[in-house]
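Visitor: I would like to learn how to read a model like this one. Could you take me through it step by step?

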Amino acid sequence: MGFRVGQGLIERLTRDSPSFKDELDVMKFICKDFWTKVFKRQIDNLRTNHQGTYVLQDNKFSQLTQLSNGKQYLDQAPKYLAFSCGVVRGALSNLGLDSVVTAEVSVMPSCKFQVVVQKL
């Protein structure tokens, strides 16, 4: 479900945007513009190994801040992030990047999304 939502959102957001030069430009757009429209804030940190793996860190992820600020529901957190992973994957898919998106939570409400772009 999140995949389809991400596809639809990215179509609307990139309607008037110029095309992207490379993979890194796409990820920067996701971190700044897309994340701001969907989650009401920018990504706090973007890291890459320049080989198709990106780590997006959000220190106050909106869907987790309402859940808990401690470790009480830490084991339940990945269930709430599945939809968000799908949204990011769908957006990237519509921009021409097939990817695998996973989320990791070590301390609430901070989370890291790992995006591995699949090479054809």
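**Reading the fold, the surface and the cysteines**

Guide: Let's begin with contacts, meaning heavy atoms within 4.5 Å. Among contacts in the protein chain between residues at least 6 apart in sequence, 56% join residues at least 24 apart. This is a predicted model, in which local features need pLDDT of at least 70, side-chain atom pairs count only at pLDDT 80 or more, and totals for chains, interfaces and linings use all residues. Residues are numbered from 1 along each chain as its sequence is written, and side-chain values use heavy atoms, with hydrogens and water left out.

Visitor: Which pattern does the protein chain follow along the sequence?

Guide: Helices (H or I, at least four residues) and strands (E, at least two) are DSSP runs, numbered from the N terminus. Here there are four helices and four strands, in the order α-α-β-β-α-α-β-β. The radius of gyration is 14 Å, close to the 14 Å that the globule rule gives for 120 residues, so the chain is as compact as a globular protein of that length. That radius is taken over C-alpha atoms, and the rule is 2.2 Å times the number of residues to the power 0.38. Along the principal axes, the C-alpha atoms fill a box of roughly 45 × 30 × 25 Å.

Visitor: How many of the 120 residues count as buried?

Guide: Buried means under 20% relative accessible area, exposed over 50%, and partly exposed in between (1.4 Å probe, protein chains only). In the protein chain, 38% of the 120 residues are buried.

Visitor: Is Leu 120 buried or exposed?

Guide: Leu 120 is exposed, at a relative accessible area of 100%. You will find Leu 120 in the segment after strand 4 (111–117). Its C-alpha atom is 9.7 Å from that of Leu 97, which lies 23 residues away along the chain.

Visitor: How many disulfides does a search of the whole structure find?

Guide: A disulfide is a covalent bond between the sulfur atoms of two cysteines. The test used is a pair of cysteine sulfur atoms within 2.5 Å. A search of the whole structure finds zero. Cys 85 is in no disulfide, and its nearest cysteine sulfur, that of Cys 111, is 8.2 Å away. Cys 111 is likewise in no disulfide, with the sulfur of Cys 85 as its nearest.

Visitor: Are Cys 85 and Cys 111 buried or exposed?

Guide: Cys 85 is buried, with a relative accessible area of 9%. Cys 111 also counts as buried, at 1%.
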